[in-house]
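The tour below moves from one selection to the next.

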Amino acid sequence: MLCVILSALVILLNAVPTSQIQVRNRAFTRSQSGTQVLAIVRQGGTWTSSSVVSCAMTCLATFEDCYSFLYQNATKTCTPGSAFSFSEQPPSPAEGILYLAKACDQSQEFVNLWISAGTTICVYVSETTARYHDAKNICQDKGGHLYGAQTLPKYQLFLDIVAVHPGDYMLGLTDVAQEGTWTWDADGTEMSSEMRETIFFANEPNGATSHEDCAFTKKQYTKTLFFDVACNTHAKFICEKHHM
Ligand SMILES: [Ca+2]
């Protein structure tokens, strides 16, 4: 009986097409702060380690909704996980690499990133610049919306993304509806005073002209903080959406 079960398991593992796994792989490592994701180490490539592929196959065979798996090189152990079953922060590189096996969308444009313990978000980072309204439409066409920094962890993730993809960025944040009242595109809520003080330069937003209704960074300054600027300014942008 045991042999039958083992044989069935082997068939099940072999039945998972390798190509299906390869396009799903996402690997992350930690930043210097030790608590936040810094970089996409490898994206959409081919795994060279048969142990990692085997771990992925185990995860996909164990959980219909395989979301992530941890392969620890030192101990050669594999820990598969279903959706959000990992309640801890990503492991350090020395501990192993956490692979998020679940794709954000069919096109593979979006990647899963950790926001905080047990929480991830799908983000798309633009390669080119656009005006606010065009960027907003692009994100909506992709089924998401412009990235918001409604919380400190989301602002930290924004900083981590910019560290990997340098440039001037905009947020999904405007006071176009009512001057001085800044609201997030994502849900229409008003920016908290805490986030206002965190993400803007001192004495900003200042509404220096009647057209400064959008929030952009300027890379000539050493800190990645925001100014209010005209919405027809060009900048890079990030789209966000929840995973499938
Ligand atoms: Ca304004």
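Select Met170 together with Phe216, which stands opposite Met170 in strand E11. The model in view is predicted, so that local features need pLDDT of at least 70 and side-chain atom pairs count only at pLDDT 80 or more, while totals for chains, interfaces and linings use all residues. Residues are numbered from 1 along each chain as its sequence is written.

Now widen the selection to strand E9 (residues 170-174) and strand E11 (residues 212-217), which run antiparallel and are joined by 2 bridges. Strands here are DSSP runs of E with at least two residues, numbered from the N terminus, and two of them pair if DSSP finds at least two bridges between them.

The selection is now an open sheet of 4 strands in the order E10-E9-E11-E12, with antiparallel pairing, and its edge strands, E10 (183-184) and E12 (226-230), each pair on one side only.

Return to E9 and ask which residues lie on each of its faces. Met170, Gly172 and Thr174 are on one side and Leu171 and Leu173 on the other, and all are buried, a residue being buried if 20 or more other C-beta atoms, placed from the backbone, lie within 10 Å of its own. Because 5 of the 5 residues of E9 are buried, E9 is largely enclosed by the rest of the structure. E11 is likewise mostly covered, with 6 of its 6 residues buried.

Then centre the view on Leu171, which, leaving aside residues up to four places away in sequence, touches Leu146, Tyr147, Gly148, Ala149, Ala215 and Phe226; contact here requires C-beta atoms, placed from the backbone, within 7 Å.

Finally, select Val123, Met170, Leu171, Phe216, Phe237, Ile238 and Cys239, which touch the most other members among the 34 residues of the largest nonpolar core. Such a core is a set of buried Ala, Val, Leu, Ile, Met, Phe, Trp, Tyr and Cys residues joined through C-beta atoms within 7 Å. Strand E7 (residues 119-125) gives the most to this core, with 4 residues.

How values were computed
Buried ≥ 20, exposed ≤ 12 C-beta atoms within 10 Å, placed from the backbone. Contact = placed C-beta atoms within 7 Å.
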